[in-house]
Structures are given as C-alpha cells and as structure tokens.
Amino acid sequence: MDFALPADLVAYLAELDQFIAREIKPIEEADDNIRFFDHRREWARTDFENGGLRGISGKRCCAG
C-alpha cells in the first residue's frame with residue numbers, strides 16, 4: 001500500500017504551517033490568549049451531559 005502524499009498536498013501543508021507560525025502563534029502567545037487556544041479547556045466550557053454549550057451565564061445554550 002502506498003502512503004505517499006501528493007506533492008501539492010505536502011506543499012499546501014507547508015504553506016499552512018508557515019501561516020500558523022506567522023499569523024496565529026503570535027496571537028496565541030499575546031496577553032492571556034492561550035486560554036482560548038487550549039483544547040483541554042473545552043471540557044470546562046461544554047455541557048456534554050445535556051448536549052450543548054454553556055453560555056457566559058452558565059446556562060445551557062446552543063442545544064444540539
């Protein structure tokens with residue numbers, strides 16, 4: 001089985017990595033923004049038991 005990636009995909013992934021390093025990483029590292037990029041916090045913000053997200057007030061919103 002051939003697991004080689006097409007050259008255009010490899011080039012796009014490199015371009016995407018450069019974009020993230022240039023544009024996103026500085027935003028993430030500024031001030032206290034890391035808290036918005038930390039995937040582990042998603043568990044604290046999401047009301048999984050009731051199938052939705054918690055709003056700022058702590059009430060359930062965005063029911064799925």
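Because the model is predicted, local features are given only at a pLDDT of at least 70 and side-chain atom pairs only at pLDDT 80 or more, while totals for chains, interfaces and linings use all residues. Residues are numbered from 1 along each chain as its sequence is written, and side-chain values use heavy atoms, with hydrogens and water left out. The protein chain contains 3 helices and 3 strands, where helices (H or I, at least four residues) and strands (E, at least two) are DSSP runs numbered from the N terminus.

**Overall make-up and confidence**

- Reading from the N terminus, the order of elements in the protein chain is α-α-α-β-β-β.
- The average pLDDT of the protein chain is 79, and 66% of the residues score at least 70, pLDDT being the predictor's confidence in each residue, from 0 to 100.
- Where pLDDT is low, the predicted coordinates should not be read in detail.
- Of the 64 residues in the protein chain, 9% are buried, on a scale where buried means under 20% relative accessible area, exposed means over 50%, and partly exposed lies in between (1.4 Å probe, protein chains only).
- Among contacts with a separation of 6 or more, 0% join residues 24 or more positions apart, a contact being heavy atoms within 4.5 Å.

**Surface**

- The protein chain has an accessible surface of about 5800 Å², and carbon and sulfur atoms account for 59% of this surface; such areas come from the Shrake-Rupley method with a 1.4 Å probe, and for residues only the protein chains shown count as cover.
- Leu5, Leu9, Val10, Tyr12, Leu13, Leu16, Phe19 and Ile20 together make a nonpolar surface patch of about 670 Å².
- Patches are built from residues with over 30% relative accessible area and no salt bridge, joining like charges within 9 Å and nonpolar side chains (Val, Leu, Ile, Met, Phe, Trp, Tyr) within 5 Å.
- Leu9, one of the patch residues, belongs to helix α1, which spans residues 7–29, and is partly exposed because its relative accessible area is 35%.

**Salt bridges**

- There are 2 salt bridges in the structure, each defined as a side-chain nitrogen of Lys or Arg within 4 Å of a carboxyl oxygen of Asp or Glu.
- Side chains of opposite charge can pair when their charged atoms come close.

- Glu28, which lies in helix α1, is in contact with Asn33, Ile34 and Phe37 when its neighbours within four places in sequence are left aside.
- Asn33 sits in the loop between α1 and α2 and touches Ile27 and Glu28, residues up to four places away in sequence not being counted.
- The side chain of Asn33 also reaches the backbone oxygen of Ile27 at 2.9 Å; a polar contact is a pair of N or O atoms within 3.5 Å, where within protein one must be able to donate a hydrogen and the other to accept it, and residues adjacent in sequence count only if both atoms are side-chain atoms.
- Asp31 is placed in the loop between α1 and α2 (34–37), has a phi near 50°, a positive value in a residue other than glycine, and counts as exposed at 78% relative accessibility.

**Before α1**

- Asp2 is found in the segment before α1, where its side chain reaches the backbone nitrogen of Ala4 at 3.0 Å.
- With a relative accessibility of 64%, Asp2 counts as exposed.
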